[in-house]
Amino acid sequence: MKNAEKEKKRAEERSWSLHPGEAQRRERNLTTKEQQLLAKNPVVTEQAVFEKPELRRRAFYSDRHCLIFHAEVCQALEWLKQAGLYVDCIVTSPPFYGQRDYGVERQIGLEETPYGYVDNLVKAFCATRDVLKTTGSLWVNIGDTYWNGRGEHKGRDHKQQARRFGLRPQDRPGDGRLCKNKQLLLIPHRFAIAMQERDWIVRNDNVWVKPNPIPDQVADRCSMSHEYVFHFVTQRFYFFSRKAVGRKSARGTYMPPLDTWEVPISKGRPMHKATFSEELVRIPILATTPPGGVVMDPFAGSGTSLLVAKKHGFRSIGIDIKSEYCELMRDTLRSLLI
Ligand SMILES: C[S@@+](CC[C@H](N)C(=O)[O-])C[C@H]1O[C@@H](n2cnc3c(N)ncnc32)[C@H](O)[C@@H]1O
């Protein structure tokens with residue numbers, strides 16, 4: 001392409017960043033060409049919107065780079081929607097089914113059946129769509145659960161202690177079909193299919209391979225050492241920087257990253273046992289957050305996604321239902337001076 005043409009193309013792309021806000025654009029049907037241009041150069045969320053007084057009033061903590069909400073996920077998403085704040089990249093790890101009791105009302109993860117759990121997750125993630133830019137991506141880390149059906153565990157398994165908290169949903173007798181002893185529930189895939197049925201596009205079911213898993217205490221199956229990180233989008237063209245995360249070839253071009261990620265499990269922090277490893281959110285954040293973009297974690301826990309976002313110069317939003325975790329998040333972010 002000649003220089004003049006290149007410059008014209010760049011100017012056309014740049015002009016898109018000056019277009020009206022996400023809300024107005026959603027009301028207009030964009031042409032394919034317009035969608036392509038926008039995906040390369042998403043509109044930057046204005047700082048004035050990020051710092052709206054009504055959001056600051058509701059926030060547990062706020063500064064120029066970060067908003068933390070101590071709230072149930074759908075409630076906080078409603079506040080963001082009302083404020084017209086749109087994000088570029090949502091990356092999160094919701095509570096897995098029957099794995100932990102966070103000891104708070106309206107927590108997700110302890111529903112009586114896997115169906116109820118998937119319904120609640122899908123409801124929460126469909127609510128994120130109201131605040132996700134059309135050029136944005138949603139990444140969900142989710143692991144599976146076995147039905148057990150044998151009643152409350154009485155043994156003293158110190159390694160698994162955090163996961164033994166009385167009668168878990170999967171310890172109950174079950175329905176004898178999906179919910180029966182020894183059954184791997186295939187929750188990640190049930191969730192992804194339910195999302196497809198709600199009009200999300202699945203781009204990858206990335207596999208997180210754990211080189212240092214906690215071994216399962218079993219004699220008749222393999223020990224689990226992987227989880228999934230689903231990548232969802234809402235339309236054909238969306239922001240994705242292959243250069244930021246790709247594998248450089250000998251010719252200097254970038255090949256996309258592989259969909260298997262070998263990442264050691266995080267040891268957790270004293271206050272939060274289910275923390276993300278920073279490396280696990282690297283590809284999601286760097287590939288799908290444009291310069292000046294906003295990253296959101298709607299089940300933020302200790303705030304690993306927010307921390308990685310801040311380290312790379314992005315703004316971030318964290319939501320968690322437990323106040324202790326909001327405090328932990330705030331302290332972690334404050335300790336990172338940029
Ligand atoms: C698996 S942890 C997330 C850990 C996080 N990725 C980290 O690096 O620390 C899930 C989080 O979801 C929160 N949670 C559970 N139910 C929630 C709900 N309904 N709304 C908002 N947060 C919720 C829990 O308090 C917990 O911190």
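Trainee: What orientation do α11 and α12 have to each other?

Mentor: First, this is a predicted model: local features need pLDDT of at least 70, side-chain atom pairs count only at pLDDT 80 or more, and totals for chains, interfaces and linings use all residues. Residues are numbered from 1 along each chain as its sequence is written. Now take helix α11 (residues 304–311) and helix α12 (residues 323–335): their axes (lines fitted to C-alpha atoms over the stretch in contact) come within 10 Å and cross at roughly 20°. Angles under 35 degrees count as roughly parallel, so α11 and α12 are roughly parallel.

Trainee: Which residues of α12 meet α11?

Mentor: Contact here is judged on C-beta atoms, placed from the backbone, that lie within 7 Å. On the α11 side you'll find Leu306, Leu307 and Lys310, and their partners in α12 are Met329, Thr332 and Leu333.

Trainee: And how many residues of that contact are nonpolar?

Mentor: Ala, Val, Leu, Ile, Met, Phe, Trp, Tyr, Cys and Pro count as nonpolar, Asp, Glu, Lys and Arg as charged, and the others, Gly among them, as polar. The contact of α11 with α12 has one charged and one polar residue. For the nonpolar ones, the number is four.

Trainee: What about α6 and α7, how do they sit relative to each other?

Mentor: Helix α6 (residues 73–83) packs against α7 with the axes 9 Å apart. The angle between them is about 10°, so α6 and α7 are roughly parallel.

Trainee: Which residues of α7 touch α6?

Mentor: Picture Val73, Cys74 and Leu77 on the α6 side. That contact divides into five nonpolar, one polar and no charged residues. The α7 residues in it are Ala124, Ala127 and Thr128.

Trainee: α7 also meets α8. What is their orientation, and why?

Mentor: Helix α7 covers residues 114–128 and helix α8 covers residues 187–197. Their axes come within 10 Å and cross at roughly 45°, so α7 and α8 are oblique.

Trainee: How many charged residues are in the contact of α7 with α8?

Mentor: From α7 come Pro114, Val118, Leu121, Val122 and Phe125, while α8 brings Ile187, Arg190, Phe191, Ala194 and Met195. Nine of these contact residues are nonpolar and none is polar. The charged count is one.

Trainee: Zooming out, how far apart are the C-alpha centres of the two domains?

Mentor: The chain splits into domain 1 (1–41) and domain 2 (45–335), with bounds from an automatic or database domain assignment. Between their C-alpha centres there are 31 Å.

Trainee: Which helix gives the most to the side of domain 1 that touches domain 2?

Mentor: The contact takes eight residues from domain 1 and 10 residues from domain 2. On the domain 1 side, α2 (22–27) and α3 (32–40) each supply at least two residues. With four residues, the biggest giver is α3.

Trainee: Last one: which residues come nearest the ligand?

Mentor: There are 22 residues around the ligand, each with its C-beta atom, placed from the backbone, within 6 Å of it. By class, this shell has 11 nonpolar, seven polar and four charged residues. Those that come nearest are Phe276, Phe299, Gly301, Ser302 and Thr304.

Conventions
Two residues are in contact if their C-beta atoms, placed from the backbone, lie within 7 Å. Axes are lines fitted to C-alpha atoms, for helices over the stretch in contact, and angles run from 0 to 180 degrees between N-to-C directions. Angles under 35 degrees count as roughly parallel, over 145 as roughly antiparallel, 65 to 115 as roughly perpendicular and the rest as oblique.
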